[in-house]
Amino acid sequence: QVQLQESGPGLVKASQTLSLTCTVSGGSIGADDYYWNWIRQSPGKGLEWLGGIGKNGNDYVNLSLQKRAAISRNAARNQLNLQLSAMAPEDTGVYYCTRSATLGTQYHYRGQGTQVTVSS
C-alpha cells in the first residue's frame, strides 16, 4: 500500500515562499515507473496540477506557475518537495501530493493533504 504524507507550514504571509515536503512509504520515488505530483484545491476552484517529477528525475511545472514553482525530490529519503514563491491569498488551499501514471490531476494514490493559508 502506497502512502503519501504532506508536511509544511499551514500559514504563510503574502510574498513569502512556501516549502512543502511529501514523504512516501510503500513505494519508491526513484525506482517506481510513475509520476509524483503536487496538486491543489483552492476554495471555489477545481483541482489544479502544480507540477511533477518522473522516475528519471525530470521535473515538470504547470506553465502558469513556471516562474514561481519548483519541484524536486530526495530519492534517498523518498521525499518529494515543492517550493512556491511569491505566495498570494489566491494560493490558499489544500495541497496534495499524488502518484500517477501521467502528469496531471488524476492519480492512483493521494496524501491526506495539507491546508495552506496565505495571509495578506
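Cys22 and Cys97 are both buried, where buried means under 20% relative accessible area, exposed over 50%, and partly exposed in between, with a 1.4 Å probe and protein chains only. The two are joined by a disulfide with an S to S distance of 2.0 Å; the criterion is a pair of cysteine sulfur atoms within 2.5 Å. The structure holds one disulfide. Its torsion about the S-S bond is about 65°, so the disulfide of Cys22 and Cys97 is right-handed. Since Cys22 belongs to strand β3 and Cys97 to strand β9, the pair ties together parts that are 75 residues apart in sequence.

A word on provenance. This is a predicted model, in which local features need pLDDT of at least 70 and side-chain atom pairs count only at pLDDT 80 or more, while totals for chains, interfaces and linings use all residues. Residues are numbered from 1 along each chain as its sequence is written, and side-chain values use heavy atoms, with hydrogens and water left out.

Let us turn to the sheet. Strands here are DSSP runs of E, at least two residues, numbered from the N terminus, and two strands pair if DSSP finds at least two bridges between them. Four strands form an open sheet in the order β1-β3-β8-β7, with antiparallel pairing. β1 (3-7) and β7 (69-74) are the edge strands, each pairing on one side only. Within this sheet, β3 (residues 18-25) and β8 (residues 79-84) are joined by six bridges; there, Thr23 has Gln79 of β8 as its bridge partner.

How many residues of strand β5 are buried? Five of the seven, in residues 47-53, so β5 is largely enclosed by the rest of the structure. β5 pairs with β4 (residues 35-41) in the antiparallel sense over six bridges, and Gly52 in β5 is the bridge partner of Asn37. With β6 (residues 59-61), β5 pairs in the antiparallel sense over three bridges, and Gly51 stands opposite Val61. In the β4 and β5 hairpin, Gly44 takes a positive phi near 80°; in the turn between β5 and β6, Gly57 has a positive phi of about 90°.

Finally, Thr92, in the loop between β8 and β9 (93-100). At 15% relative accessibility, Thr92 counts as buried. A polar atom of the Thr92 side chain lies 3.0 Å from the backbone nitrogen of Val118.

Terms used: A polar contact is a pair of N or O atoms within 3.5 Å; within protein, one must be able to donate a hydrogen and the other to accept it, and residues adjacent in sequence count only if both atoms are side-chain atoms.
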